[in-house]
Amino acid sequence: MKIAMVGSGYVGLVSGACFADFGHDVVCIDKDASKIDRLHQGIMPIYEPGLAELVASNVKAGRLTFSTDLASAIDGAQAIFIAVGTPSRRGDGHADLSYVYAVAEELAANIKTPTVVVTKSTVPVGTGDEVERIIRDSGTSVQFAVVSNPEFLREGAAIGDFKRPDRIVLGAEDEWARGVMKEVYRPLFLNKAPILFTSRRSSELIKYAANAFLATKITFINEMADLCEKVGGDVQDVARGIGLDNRIGSKFLHAGPGYGGSCFPKDTLALLKTAEDYNSPVRLVEAVVKVNDSRKRAMGRKVIEALGGEARGKRVALLGLTFKPNTDDMRDAPSIAVVQTLIDAGAEVVAYDPEGMEPAAAILPEVQMVQSAYAAIEGADAIVLVTEWDAFRALDFDRVKQLAKAPIMVDLRNVYDPAEMRAAGFEYSSVGRP
């Protein structure tokens with residue numbers, strides 16, 4: 001089957017490469033000519049473990065190609081995926097659907113054979129209806145259908161998530177479209193991956209509801225962590241205790257500095273705006289957004305407290321900048337608010353991240369970027385673990401104490417054992433633990 005993927009960013013490139021690996025003939029399309037040129041050279045626009053190798057093998061096999069010419073690239077495609085960005089719109093927080101609708105208009109003018117148009121981008125309820133209207137109003141006589149197929153990829157584990165999914169959600173309104181999508185996902189269907197067919201609107205809502213629920217779990221355990229610090233409990237024990245209940249589950253119950261990334265912040269906000277438009281407020285999600293926003297800056301204040309309440313003139317080493325490990329994504333990363341809080345308090349901030357320093361430098365120009373964790377630690381009055389990269393789990397603590405000006409460690413990810421850290425001579429604080 002020929003598949004066209006319009007948009008060669010995170011979702012489009014990972015999905016396209018995985019579909020090609022299943023044996024489909026895939027073309028990834030993007031208007032950014034420099035991105036397509038780099039892809040032709042084997043240079044990935046994002047960091048995702050295993051992606052470069054997956055792309056290279058399928059390009060070599062002739063199953064994966066790249067193009068800037070949508071009209072020729074979609075010729076003969078039985079399924080055309082829309083995988084462009086839907087960032088939060090400035091001013092009101094709604095999802096910006098201008099890129100999605102622009103693709104729909106271009107498809108309307110260029111489809112020549114029967115095809116299923118699939119919205120892979122994260123879009124609010126009703127977007128598929130509008131995409132269908134745009135194509136139909138163009139006057140095309142070509143058979144088409146619009147299907148919703150939200151993605152559930154975790155950055156840093158996207159290839160595994162695509163090939164071994166918890167579920168595949170397909171919102172289709174007619175049997176022909178369902179048949180085409182069954183063929184698209186036939187390799188996973190044969191592996192008995194759960195495939196859920198729903199209405200298009202239900203499918204669109206599933207994506208937002210899933211992300212809002214996960215964001216709620218994160219925010220809940222973060223508030224429990226704060227309570228643990230007040231009453232003398234251990235949030236990791238609390239998380240284990242409630243996570244062993246099968247109705248709750250253990251995932252996303254890890255206390256930390258708050259959620260960030262490309263999905264949770266914008267998707268919870270977009271869900272709020274959609275709910276407002278339909279006069280059906282989701283007050284729980286509203287509270288989650290507010291608590292998460294305030295938590296990130298509170299983590300900066302936690303560092304200042306560890307410094308004795310005064311950060312002016314102090315050197316603070318940040319280990320990790322990206323919103324999570326195994327990605328270079330800095331979107332809404334907690335480190336941004338932590339840094340701003342420290343800079344506002346007069347601290348000097350130096351940082352190291354295995355993959356995120358280039359994008360971070362554009363966002364955090366006040367931060368000195370260095371080439372190793374130990375270079376960041378040298379001369380530091382406090383060390384702050386912000387992102388739990390594996391590289392930070394096995395630091396040489398004798399060397400750390402020799403390099404640092406003061407043995408103060410603030411662990412925002414609860415990576416280290418408090419008793420061991422204090423036995424090693426550190427003034428150690430973490431999140432929600434004694």
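Predicted model: local features only at pLDDT ≥ 70, side-chain atom pairs only at ≥ 80, totals over all residues.

Biologist: How do S13 and S14 pair, and over how many bridges?
Modeller: They run in the parallel sense, with three bridges between them; S13 covers residues 408–411.

Biologist: What sheet do these strands sit in, and what's the strand order?
Modeller: An open sheet of six strands, ordered S11-S10-S9-S12-S13-S14, with parallel pairing. Strand S11 (368–369) and strand S14 (427–429) are at the edges with a single partner strand each, so one side of each has no neighbour in the sheet.

Biologist: Which strands does helix H13 touch when it packs on the sheet?
Modeller: H13, residues 283–306, touches strand S9 (315–319), strand S12 (382–385), S13 and S14. The direction of H13 makes about 160 degrees with that of S13.

Biologist: Why would nonpolar side chains be buried together?
Modeller: As a general matter, that is what they tend to do in soluble globular proteins.

Biologist: You mentioned Val116. Which way do the residues of S5 point?
Modeller: Thr115, Val117 and Thr119 point one way from S5, while Val116 and Val118 point the other way, and all are buried.

Biologist: What about strand S2, how many of its residues are buried?
Modeller: Four of the five residues in S2 (residues 25–29) are buried, so the rest of the structure largely encloses that strand. S2 runs parallel to strand S1 (residues 2–6), and five bridges join the two. One of the pairs there is Val6 with Ile29 in S2.

Biologist: Switching to helices. Which residues of H6 are buried?
Modeller: In H6, residues 127–137, the buried ones are Thr127, Gly128, Val131, Glu132, Ile134 and Ile135. Looking down the axis of H6, they fall within an arc of 160 degrees, so they line one face of the helix.

Biologist: What covers them?
Modeller: The cover for the buried residues of H6 includes strand S4 (79–82), helix H5 (98–110), strand S5 (115–119), strand S6 (144–148) and helix H10 (200–231). After H6 comes Gly139, with a positive phi near 90 degrees.

Biologist: Which residues are buried in H11?
Modeller: Val235, Ala239 and Gly243. Seen down the axis of H11, these fall within an arc of 65 degrees, so they too line one face of their helix. H10 is part of what covers them.

Biologist: What caps the N-terminal end of H11?
Modeller: Asp234 does, with a side-chain oxygen 2.9 Å from the backbone nitrogen of Gln236.

Biologist: Now some loops. Is Asp353 buried or exposed?
Modeller: Buried, because its relative accessibility is 1%, and the cut-off for buried is under 20%. Asp353 is in the loop between strand S10 (348–352) and helix H15 (357–363).

Biologist: What does the side chain of Asp353 reach?
Modeller: The backbone nitrogen of Leu321, at 2.7 Å. The backbone nitrogen of Thr322 is also 3.2 Å from a polar atom of the Asp353 side chain. Setting aside neighbours within four places in sequence, Asp353 is in contact with Gly320, Leu321, Thr322, Thr387 and Trp389.

Biologist: Last one: where is Ser262 found?
Modeller: In the loop between helix H11 (235–243) and helix H12 (264–277). Ser262 is buried, with a relative accessible area of 13%. Its side chain makes a polar contact with the side chain of Glu155, at 2.9 Å. Beyond neighbours within four places in sequence, Ser262 is in contact with Glu155, Asp329 and Arg331.

Conventions
Residues numbered from 1 in each chain as written. Heavy atoms only, no water. Pairing = 2+ DSSP bridges. Contact = heavy atoms within 4.5 Å. Axes fitted to C-alpha atoms, helices over the stretch in contact; angles between N-to-C directions. Buried < 20%, exposed > 50% of the residue type's maximum accessible area, 1.4 Å probe, protein only. Arc of directions from axis to C-beta. Polar contact = N/O pair within 3.5 Å; in protein donor to acceptor, adjacent residues only side chain to side chain.
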